[in-house]
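Biologist: Please pick a single residue and take me through its surroundings. After that, I'd like to hear about the rest of the chain around it.

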Amino acid sequence: MKQSGKFITFEGIDGAGKSTHIAYVIDLIKRHDINVVSTREPGGTPLGESLRDLVLNEKMHLETEALLMFAARRENLAQVIEPALLRGDWVISDRFTDSSFAYQGGGRKLALEKLNALEQWVHAELQPDLTLLFDVPLEVARERLDATRVQDKFEQEKADFFDAARTEYLRRAAEFPNRFQVIDSTRPIPEIRQLLDRLISQLIARQRAA
Ligand code: TMP
């Protein structure tokens, strides 16, 4: 695929506070006269949203869960992400494959080779240009989660699940330092916004220089 737009993903354990910053980044990019498409995973297409309902609410075998995450992702890539990048639009995704490594791999202990194989199958040639990992200590995430409405299957998981998910996220960030930016999500919002301003400006400059 010959992409000309940029692909940015938002990651973090539940309660890490990533959602607060998504709208801000979308606005930031639009202010540079760039078209932005936003999506989320699991979800992003009608089929993906149906799969989301299932996977967030039904008990199922761990491998079924991983396969459904990647099935929804395949559809999202085909219908939304790849066409947008080809048009030259930028794509913002609330979660992508790093979530599968963190939750199904770290949290549920699915062998990473299986996730690597699925990743190769579903998007061998596409990786995000920038992955913003919102990182917080577990206690902070838990406090934020406890304040939330009805909790889904993942949000009801125990501390050791999120601890393992966070560890896997940080391992991925260390493995792919070029695309990951780890953001300390306990910092004040204006400070995080300044960092986001800088990162987006750098990405725009990189695209213009290419
Ligand atoms: P959200 O509430 O942040 O949209 O995320 C939905 C939940 O799905 C969240 O708890 C993380 C989980 N998830 C996985 O377990 N694997 C995945 O591949 C994705 C995309 C999400």
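This is a predicted model: local features need pLDDT of at least 70, side-chain atom pairs count only at pLDDT 80 or more; totals for chains, interfaces and linings use all residues.

Modeller: Contact here means heavy atoms within 4.5 Å. Residues are numbered from 1 along each chain as its sequence is written, and side-chain values use heavy atoms, with hydrogens and water left out.

Let's go with E168. It sits in helix α7, residues 159-175 (helices are DSSP runs of H or I with at least four residues, strands are E runs with at least two, and both are numbered from the N terminus). E168 counts as buried because its relative accessibility is 7% (buried is under 20% relative accessible area, exposed over 50%, partly exposed in between, with a 1.4 Å probe and protein chains only). Setting aside neighbours within four places in sequence, E168 touches F101, A102, G106 and L112. As for F7, it is 161 residues from E168 in sequence, and their C-alpha atoms are 22 Å apart.

Now zoom out. The protein chain has eight helices and five strands, which follow each other from the N terminus as β-α-β-α-α-β-α-α-β-α-α-β-α. Its radius of gyration, 16 Å, is close to the 17 Å from the globule rule for 210 residues, so the chain is as compact as a globular protein of that length (the radius is taken over C-alpha atoms, and the rule is 2.2 Å times the number of residues to the power 0.38). Along the principal axes, the C-alpha trace spans about 45 × 40 × 30 Å.

Of the contacts with a separation of 6 or more, 80% link residues 24 or more positions apart.

What about the nonpolar cores (sets of buried Ala, Val, Leu, Ile, Met, Phe, Trp, Tyr and Cys joined through side-chain atoms within 4.5 Å)? The largest has 42 residues, and I8, I13, I29, I92 and L132 have the most contacts inside it. Helix α8, residues 189-209, gives this core its largest share, seven residues. Apart from it lies another core of 17 residues, and F101 is among them, along with F70, I81 and L115. That is the F101 that E168 touches. Back in the 42-residue core, I13 has contacts beyond four places in sequence that include F162, A165, R166 and Y169.
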